[in-house]
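Grab a pencil and have a look at the structure below. Try each exercise yourself before you read the worked solution.

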Amino acid sequence: MNEILEKLNSIDGIEVELQKDLKKYSTMRLDAIGDLVTVKNVEALKKVTKYMTDNGLNYRTLGWGANMLIPATSPVPYLQLDFPLDRNIFEKPQDEYVLPASVALATLTSHASKFGLKGWEVFTGIPASLGGAIFMNAGTNLGEIGSLIKEVKLITKNGEEKLIKIDQHSFTYRHNHFVNQGDVIYEARLIHFGISEGITHKIREYLEMRNRTQPLKEWTCGCIFKNNQNLLSGVTCRAGLFIDIMGLKGFTYKNLRISPKHANFMENSGESSYEDVLRMINVLQKELKLQTGVTFETEVEY
Ligand SMILES: Cc1cc2nc3c(=O)[nH]c(=O)nc-3n(C[C@H](O)[C@H](O)[C@H](O)COP(=O)(O)OP(=O)(O)OC[C@H]3O[C@@H](n4cnc5c(N)ncnc54)[C@H](O)[C@@H]3O)c2cc1C
């Protein structure tokens, strides 16, 4: 694998780092070593995906690692985008925005808060790259990012460019229906629903509420479980509430703790391994099923 990856280093817009310490590449900060390929423009991205596929090498696309558990070692390299961003676009509100997938949602939230962009409050406080947020259809109880996306551009594993026109079937809860294995989203076109002064206030209030109710300073991967939406009854079963009712807030295993602030978050106090996290998830999932009868799927990817 090393020889294949080293050859990529000679291509303009690609940086290969072998056996890199990846601890800082996921918000859970699990100890991990892996090969990282950073891609800085679309032509380079086409070359990377095609070259890896032609050489029988899979890869894993990494955004901000806010929804990913990275194992201690990985048989495949990680591919991360670092495209240039024209910050002039944020100097005043636009009718629509064409943005690279590597832009941070926090940058978009600051812009929305400054100018009061209606609709953009839905992703307030979510740590993510735009690409990762689209992949996950990230959202809050104010809504989901999918409602703002009009088009997505991606590069397939064969280095081909694809334009996806978003429609009502493109997204469901924390899920997209258009990214195939090996596809890398590199750009998206976003809209908003007008300007409203109230949005600035709404975003600030929401951020304060998140700070109060979620462990944002700790190392976590966000919510462990998706809420269970019972299609028959229409009732949403909230995983955090159920874990709380079971009395597991504060439950600790090695260096992992169910957050006392929000029971659907698991905090890593320093030296936890990928295996420790999986063990804890497994125990919680079984206990939830046993005590409530509800099967909760994990939101975090591993
Ligand atoms: C403190 C905290 C709070 C959180 N709160 C929320 C919340 O309120 N709502 C919510 O929805 N989520 C929340 N999350 C989870 C996380 O922020 C979201 O799932 C987010 O969308 C992940 O984005 P990312 O860039 O980190 O993607 P990653 O975690 O790096 O990747 C997630 C998935 O997207 C894929 N992917 C990433 N980039 C691309 C790309 N360019 N092309 C194709 N595939 C790609 C990856 O391969 C992976 O499968 C929270 C996480 C934390 C740590």
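**Exercise 1.** Into which domains is the protein chain divided, and how far apart are the centres of domain 1 and domain 2?

*Solution.* Start with the bounds: in this predicted model, domain 1 covers 2-81, domain 2 covers 87-200 and domain 3 covers 215-292. Next, take the centres over C-alpha atoms: those of domain 1 and domain 2 are separated by 23 Å.

**Exercise 2.** Describe the side of domain 1 that touches domain 2: how many residues are in contact, and which elements supply them?

*Solution.* Step one is the count, with two residues in contact if their C-beta atoms lie within 7 Å. On that basis, 15 residues of domain 1 meet 16 residues of domain 2. Step two is to find the elements that give at least two residues each to this side of domain 1: they are helix 2 (42-54) and strand 4 (78-81). Helix 2 has the largest share, with seven residues. Step three, sort this side by class: you get six nonpolar, six polar and three charged residues.

**Exercise 3.** Now turn to the ligand. Which residues come nearest, and which element supplies the largest share of the shell?

*Solution.* There are 32 residues around the ligand, and the nearest of them are Gly63, Ala128, Gly131, Gly132 and Gly222. Then go through the elements: strand 3 (60-62), helix 4 (130-136), strand 6 (139-140) and strand 12 (184-191) each give the shell at least two residues. Helix 4 takes the largest share, with five residues. Finish with the classes: the shell holds 18 nonpolar, twelve polar and two charged residues.

Terms used:
Residues numbered from 1 in each chain as written. Predicted model: local features only at pLDDT ≥ 70, side-chain atom pairs only at ≥ 80, totals over all residues. Domains from an automatic or database assignment. Helix = DSSP H or I, 4+ residues; strand = E, 2+ residues; numbered from the N terminus. Nonpolar A, V, L, I, M, F, W, Y, C, P; charged D, E, K, R; others polar. Near = placed C-beta within 6 Å.
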